[in-house]
Amino acid sequence: MAVPAERVSYRFAVLLFNCLLTFGSYFCFDMPSVLQQQLQGNLTCPNGTHHNSTGHNGTLECVEGLGMTPAQYNLLYAIYAWTNAVVVILAGFLIDKLGNHFVQNRITAFWFKGKELALAFGLTLSFSRLGSVLNFFFTQQFEAKFGMQWTLWGGSLLCVLGLFSAITVSVLDKVGMKQLGLDGIIQQESKKVRIQDIQHLPLRYWLLVLTIMFFYNGVFPFVADASKFIQDKYPGYSQQAAAYIAGAVYDSSLVLSAAVGILIDYVGLRGVFAVGCATLTLPVFALLAFTFVPPLVSTIWLGITYSFAAASMWPSIPLVVPQATLGTAMGLATSVQMVGVGLSNLIVGHMLGTKSSELKIPLWRWQQMMIFMLANTVACIIASIGLNVVDKKQDETLNRTRKGAPMGQDRDPADAAQLLEDETRTEGSVS
């Protein structure tokens with residue numbers, strides 16, 4: 001008679017809570033972007049005018065809010081990024097120390113190996129992206145009906161849901177492994193990991209880390225300010241419409257991420273894809289900086305390149321570092337990424353201004369921000385070209401095609417599938 005852990009329903013219960021694990025954090029991450037107008041609104045409005053739209057004469061009426069300056073608003077994202085930068089290094093080290101079955105994607109790979117593995121990874125990634133998408137669709141409407149306080153409490157409850165899901169999936173994983181007689185695997189696979197191992201990480205790894213950092217330096221700070229930017233530059237967009245358009249970055253990613261990951265895993269050429277998606281991101285910020293082309297074109301375009309970047313860059317890390325130090329390498333990469341993103345948020349905040357006297361930020365300040373995004377994209381292209389040059393001089397691990405030399409031929413099939421979705425953990429714990 002089959003034990004409960006061998007049943008289909010058991011592994012799909014594991015999958016359900018694994019999907020819910022990062023849903024809340026993805027939802028909450030960009031809540032300030034949707035509520036930027038309220039966060040930067042005036043502490044008090046004269047004559048009791050508390051409007052979120054333009055007046056009858058086309059001028060912006062007073063918006064009651066927390067009175068943050070653009071610099072203070074972007075500092076919120078910087079604090080998040082730098083906190084994450086510290087936490088993920090410790091988390092990655094502990095993963096290597098205690099065993100890889102404490103990683104979200106590794107749990108999925110273990111329970112669905114040889115079964116519905118592609119489906120499981122696709123659903124895990126899609127649920128995370130769904131959190132971002134639903135935020136841009138519903139948060140502003142919820143705030144308009146219930147107010148800022150209840151909106152923030154709602155976000156907190158979603159994070160509690162993530163914590164509850166993490167505890168539940170951990171319990172299910174441990175109980176299931178014990179029922180299957182595999183509870184000794186973690187102890188057998190754990191090793192002595194030293195901080196000094198960082199100095200042995202190869203040059204390709206560091207070039208890959210720089211490529212990741214510079215790419216996300218453009219994406220995350222832009223999304224943080226995108227709703228306000230759209231309202232300030234393009235006439236006729238309400239706060240809700242601007243949120244929808246800003247969220248198109250994640251709409252595209254939600255639709256494409258799983259398919260793009262499978263495509264890149266099948267084709268290979270990860271280094272080439274990294275250069276390509278960075279190069280194709282240049283026109284996005286150029287259009288936003290120098291033209292009045294409808295912003296939806298740029299946000300959808302950025303979502304497409306973002307999908308290819310996530311699927312090609314993050315899963316390349318396990319190919320260039322020893323498997324035993326993978327957790328440390330992933331944690332360090334995320335830490336460097338978040339340090340860069342936090343600095344970019346600070347720079348953007350100062351570019352947009354340190355005073356809250358003007359509800360509408362001047363367009364020349366927005367143009368400065370977009371030029372800064374362009375500069376980060378150029379740096380990403382340079383780093384990715386260097387990555388490909390070094391990779392070619394060595395064993396061309398990153399740019400092997402499936403026909404020429406199958407990537408991961410010495411790896412467990414579950415490890416190969418994991419490469420598709422490693423970016424979920426690094427963004428969603430947190431995109």
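Me: Between which helices is the loop of Leu-269 found?
Reply: The model is predicted: local features need pLDDT of at least 70, side-chain atom pairs count only at pLDDT 80 or more, and totals for chains, interfaces and linings use all residues. Residues are numbered from 1 along each chain as its sequence is written, and side-chain values use heavy atoms, with hydrogens and water left out. Helices are DSSP runs (H or I, at least four residues) numbered from the N terminus. Leu-269 is found in the loop between helix H11 (248–267) and helix H12 (270–290).

Me: What is the phi of Leu-269?
Reply: Most residues other than glycine have a negative phi. Leu-269 is not a glycine, yet its phi is positive, at about 55°.

Me: Is Glu-396 buried, exposed or partly exposed?
Reply: Glu-396 lies in the loop between helix H16 (363–393) and helix H17 (413–428). Buried means under 20% relative accessible area, exposed over 50%, and partly exposed in between (1.4 Å probe, protein chains only). Because the relative accessible area of Glu-396 is 34%, this residue is partly exposed.

Me: How many of the eight residues of helix H10 are buried?
Reply: The buried residues of H10 include Gln-239, Ala-242 and Ile-245. Helix H10 (residues 239–246) is largely enclosed by the rest of the structure, because the number of its eight residues that are buried is six.

Me: How far is the sulfur of Cys-277 from the closest cysteine sulfur?
Reply: Cys-277 is buried, with a relative accessible area of 4%, and Cys-380 counts as buried at 1%. A disulfide is a pair of cysteine sulfur atoms within 2.5 Å, and by this rule the count comes to zero disulfides. The closest cysteine sulfur to that of Cys-277 is in Cys-380, too far for a bond because the distance is 6.6 Å.

Me: In which helix does Phe-142 lie?
Reply: At 36% relative accessibility, Phe-142 counts as partly exposed. The helix in which Phe-142 lies is H6.

Note on methods:
Helix = DSSP H or I, 4+ residues; strand = E, 2+ residues; numbered from the N terminus.
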